Amino acid sequence: MTQPAITSPRVLLIGPYDPQCGEYTFLAPPLGVWRLAGVLMKSGAHVRVFDPNCLDQTPQRALERELLSVHWDVVGISTTGMTLRFDLELAHLVRRIAPHAFIVAGGMEATFRPQLMFDLGPFDLVALGEGEHPLLEILSRLRAGQPVAGIAGTAERARDGGVLRMPQRSLDHAELREAIFSTPYEKMPYAAYWERLENAYRVGALPTKAAREARLAELRSVRLITLNYCPMGCTFCSATNFLHEAQGGVAPIARLDANEALQMIERIVAAHPQVRTIIFQDDIFVFTKDRRVLPLCEGIVAAKARGAIPSQLQFISTNRIDAMSTERLQAMRRAGFRVLGFGIESFSPGVLAEVNKAQIYRHIEPMLGAALDTGVTPFLDLILSSPGSTLDDVATTLREAYRWLRRGCEIGMYPYVIPFSGAAFAQDPTLAPHTVMADRRVAGTSIEWQQAAKILPIDPLVREAVLRIEAAYEDMLCSLQSEVAHLPSRVRSLIWILASVPVLAAHGITVANEDEVRADLLARLPATRGAAAQPAVALA
Ligand code: B12
Ligand code: SF4
């Protein structure tokens, strides 16, 4: 069946919506939908990005105005598991206000759960994996007046109520480069985000210029992704399976080479001259057999020397600790890397084996030490308990976390595994009895469902201890939050450690001296409300 051709389709792309993020997770323009917008604009489409997280009015009110301002032919909605209930709220609003728009869901959660999207949302189509090719094809069908059906990289509702999936291959190097180079950094409202963050952290109220400069280096950041995905296959990670899911098989790696990455850095600086830090948001920035990092660092040093980028420009990246060496650390430091994120997850070899990361264990001690000696701050992500954890595993991770915090590392701590759709843990039927479900509602509708929220340790003793630590942590956090404007992750991780001391002591296990931890916590507490607050270093 043909339909009237739409010569110049109008597309509205909506980023994932998290009202609970506030100012504190270092919000940034949604890179996925901006990249898609750039690619579609290049094809001649009229595209706007609606970002629900950086507005002066409620997202619902602002979206309503946006929807009524012109006739939108296609509305694309980005989804993640954590933000799904809010993403769905906006999707239903779109259907109410623009009933004739063709609504497409895309992103992480849509790719792993297309059936759920059709069950809970008002979607006409679900895009699987990278959205560039499916969206370009949808627009070309609309322009030609052809049916929007049977497109590779999409899932359709089948007649029997099920889902018909049409896989697509992932972008190759040339296509990925084209997509990344199309990202319209010039149009992305980083300045608006920085203004919000600077007000929230009251940068102007900081006592010294040095303190203000240090804070600005953290806040004025721009995110750049140069890689399509990380193949390491950690069992709690969803991102590692994202492209395989869309392709229906193993997707090849693609990433920018050193020269291309350098070109993007120069473009970002030209688009946002106030930028102080570029955050490489690649899931994994340096591979063990990496041939890019040293030439890239040399290229950055040379670009700084010839004035192509500011000499004080800094960098942050997320890395595998087993891909680090003293030579690489020193090169990165020289180039201006000041924080390196490491997904350490646990200091227990048994837990690391359980999450498919056993090989990193022997690199942790030497490489964290080497990073600190080089003048780089390691930011460690830790998961306090895995499904198979023992009390000793939990205690080992807490003890080591405390030791490395005192040596100068930053730490983000999570009490248990969150079963993100698509992660191996989330699909393991033996873990289902240990998975806690949460009731979810979509505001403004009668839609309700249950979503997997946590996987707790299988051993009842460990499970109870972790839940008691979590309850004690939340109590402490609640009372501290009424005193201080914002608690950065370095402080939160000390609260986790403090909360755990009496709980594990009840089992005869020593984590740390309670008075010492409390004294460390007090010393690191940011200023009380009204004075300048300290931000977290976010590497999510
Ligand atoms: C950078 C990042 C952040 C940054 C910046 C996010 C931003 N505004 O850009 C910050 C630190 C702010 C952040 C915050 C959060 N993040 Co985050 N983040 C990431 C990270 C590392 C990269 C995302 C990215 O930019 N990818 C690159 C772009 C190009 O890819 P993309 O977004 O997937 O988009 C492509 C496709 O998905 C698709 N697509 C996406 N949307 C749409 C829409 C349509 C219509 C179509 C057709 C296609 C399509 O096409 C795009 C181009 O090919 C991912 C991990 C990952 N590898 O994706 C986690 C990740 C997305 N984050 C995650 C989470 C949980 C969060 C938070 C909820 C955490 C929290 N509780 O605070 C918040 C949510 C904030 C928000 N409102 O979005 C999880 C989501 C897990 C899940 N399955 O739910 C991830 C997967 C990490 C993980 N495995 O734990 N995050
Ligand atoms: S190394 Fe990081 S991004 Fe890669 S699979 Fe593991 S958790 Fe995921």
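## A residue in a loop: N356

N356 lies in the loop between helices α14 (349-354) and α15 (361-374). Helices here are DSSP runs of H or I with at least four residues, strands are DSSP runs of E with at least two, and both are numbered from the N terminus. The backbone of N356 has a positive phi of about 70°, although N356 is not a glycine. Most residues other than glycine have a negative phi. N356 is partly exposed, because 15 other C-beta atoms lie within 10 Å. By definition, a residue is buried if 20 or more other C-beta atoms lie within 10 Å of its own, exposed if 12 or fewer, and partly exposed in between, with the C-beta atoms placed from the backbone.

E345 also has a positive phi, of about 65°, and is not a glycine either. This residue belongs to strand β11 (residues 337-345). E345 counts as buried because 24 other C-beta atoms lie within 10 Å.

## Model and confidence

The structure is a predicted model, in which local features need pLDDT of at least 70 and side-chain atom pairs count only at pLDDT 80 or more, while totals for chains, interfaces and linings use all residues. Residues are numbered from 1 along each chain as its sequence is written, and chains are lettered from A and ligands numbered from 1 in the order in which they are written.

The pLDDT value is the predictor's confidence in each residue, on a scale from 0 to 100. The protein averages a pLDDT of 93, and 94% of the residues score at least 70. Over residues 530-540, however, pLDDT stays under 50. For that stretch the model has 38 contacts beyond four places in sequence; two residues are in contact if their C-beta atoms, placed from the backbone, lie within 7 Å.

## Two domains

The protein is divided into domain 1 (10-166) and domain 2 (187-457), with bounds that come from an automatic or database domain assignment. The centres of the two domains, taken over C-alpha atoms, are separated by 26 Å. Domain 1 contributes 22 residues to the contact and domain 2 contributes 27 residues.

On the side of domain 1 that touches domain 2, helices α1 (31-42), α3 (84-97) and α4 (108-112) each supply at least two residues. The largest share, 5 residues, comes from α3. By class, this side of domain 1 has 12 nonpolar, 5 polar and 5 charged residues. In this classification Ala, Val, Leu, Ile, Met, Phe, Trp, Tyr, Cys and Pro count as nonpolar, Asp, Glu, Lys and Arg as charged, and the others, Gly among them, as polar.

## Surroundings of the ligands

Ligand 1 is surrounded by 44 residues, of which the closest are G32, G76, G81, G106 and G131. A residue is near a molecule if its C-beta atom, placed from the backbone, lies within 6 Å of it. At least three residues of this shell come from each of domain 1 and domain 2. The elements α1, β3, β4 (102-107), α4 and α6 (132-144) each supply at least two residues, and the largest share, 5 residues, is that of α1. The shell around ligand 1 has 23 nonpolar, 14 polar and 7 charged residues.

The shell around ligand 2 consists of C230, M232, G233, C234, C237, A239, T240, D283, I284, R320 and G343. These residues divide into 6 nonpolar, 3 polar and 2 charged.

## Paired strands

Strand β1 (residues 10-14) is mostly covered, with 4 of its 5 residues buried. Two strands pair if DSSP finds at least two bridges between them. With strand β2 (residues 46-50), β1 pairs in the parallel sense over 5 bridges, and with strand β3 (residues 74-79) β1 pairs in the parallel sense over 4 bridges. V11 has V47 as its bridge partner in β2 and stands opposite V74 in β3.

In strand β8 (residues 221-224), S221 and R223 point one way and V222 and L224 the other way, and all are buried. Strand β9 (residues 277-280) pairs with β8 in the parallel sense over 4 bridges. There, T277 is the bridge partner of S221.

## An exposed leucine

L522 is found in helix α20 (residues 514-524). L522 counts as exposed because it has 10 C-beta neighbours inside 10 Å. The C-alpha atoms of L522 and L494 are separated by 9.8 Å, and these residues are 28 residues apart along the chain.
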